[in-house]
Amino acid sequence: MSQAVQAQFTKAFESDDTLPHFSTTHKGHGREETRIIFQLPFIVSDEIKEKWPSINTIVAVERHRKVKNKTTIDTKFYISSHEVVPKFMSTAVRGHWQIENNLHWILDVVFKEDNCRIHEANSVESLLIFGHVKGQ
């Protein structure tokens with residue numbers, strides 16, 4: 001699936017300069033970050049369509065991050081059941097990561113997960129289960 005998504009974007013980037021996109025720029029915490037969200041209808045094979053019938057579009061989020069004099073570019077790919085509306089998708093992707101980040105903060109601060117020094121796989125799973133139940 002990942003290869004199919006990346007291949008379609010590669011082909012689109014090479015053939016067309018006017019892909020549907022939306023961009024935002026944020027400055028803060030000593031960095032400047034520009035996000036460019038590209039969204040395309042997903043041209044799927046019958047095999048992928050059978051496994052993932054609700055996929056309508058694919059999304060590429062290209063993040064240009066500048067800290068001091070160093071710029072890095074990172075691209076993440078997503079699949080979506082939504083129509084091609086890059087501005088909406090920008091909000092959806094940012095909202096998803098905000099939930100992830102907030103959840104991590106709660107697990108770290110409230111449940112002190114980062115302070116746990118247990119390394120046995122079964123013990124970690126058990127403590128996570130009991131730790132989350134204890135907090136309810």
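The model is predicted, and its pLDDT averages 76 over the protein.

**Confidence**

Next, colour the model by pLDDT. A score of at least 70 is reached by 65% of the residues. Select strand β3, residues 57-67, where confidence is highest, with a mean of 90. Then select helix α4, residues 121-134, where confidence is lowest and the mean is 59. Where pLDDT is low, the predicted coordinates should not be read in detail.

**The chain as a whole**

Switch to a surface display. The protein exposes about 10300 Å², and carbon and sulfur atoms supply 54% of that area. Of its 136 residues, 22% count as buried. For the contacts within the chain, consider pairs of residues at least 6 apart in sequence: 51% of these contacts join residues at least 24 apart.

**The loop between β1 and β2**

Select strands β1 (21-28) and β2 (31-41), then the loop between them, in which His29 is found. His29 is not a glycine, yet its phi is positive, at about 55°.

**The loop between β3 and β4**

Move on to strand β4 (70-80) and the loop that lies between β3 and β4, where Lys68 is found. Lys68 is likewise a residue other than glycine with a positive phi, here near 55°. Its relative accessible area is 72%, so Lys68 counts as exposed.

**A nonpolar patch on the surface**

Finally, select Met1, Trp52 and Ile79 together. Which kind of patch do Met1, Trp52 and Ile79 form on the surface? The patch is nonpolar, and its three members have about 260 Å² of accessible area together. Within this group, centre the view on Met1, which lies in the segment before helix α1 (2-15). Met1 has a relative accessible area of 34% and is therefore partly exposed, since that class runs between the 20% and 50% limits.

Keep helix α4 in its confidence colouring, as its mean of 59 is the lowest in the protein.

Terms used. Residues numbered from 1 in each chain as written. Predicted model: local features only at pLDDT ≥ 70, side-chain atom pairs only at ≥ 80, totals over all residues. Heavy atoms only, no water. pLDDT = per-residue confidence, 0-100. Helix = DSSP H or I, 4+ residues; strand = E, 2+ residues; numbered from the N terminus. Buried < 20%, exposed > 50% of the residue type's maximum accessible area, 1.4 Å probe, protein only. Patch = residues over 30% accessible without salt bridge, like charges linked within 9 Å, V, L, I, M, F, W, Y side chains within 5 Å. Areas by Shrake-Rupley, 256 points an atom, 1.4 Å probe, with all protein chains shown as cover. Salt bridge = Lys/Arg side-chain N within 4 Å of Asp/Glu carboxyl O. Contact = heavy atoms within 4.5 Å.
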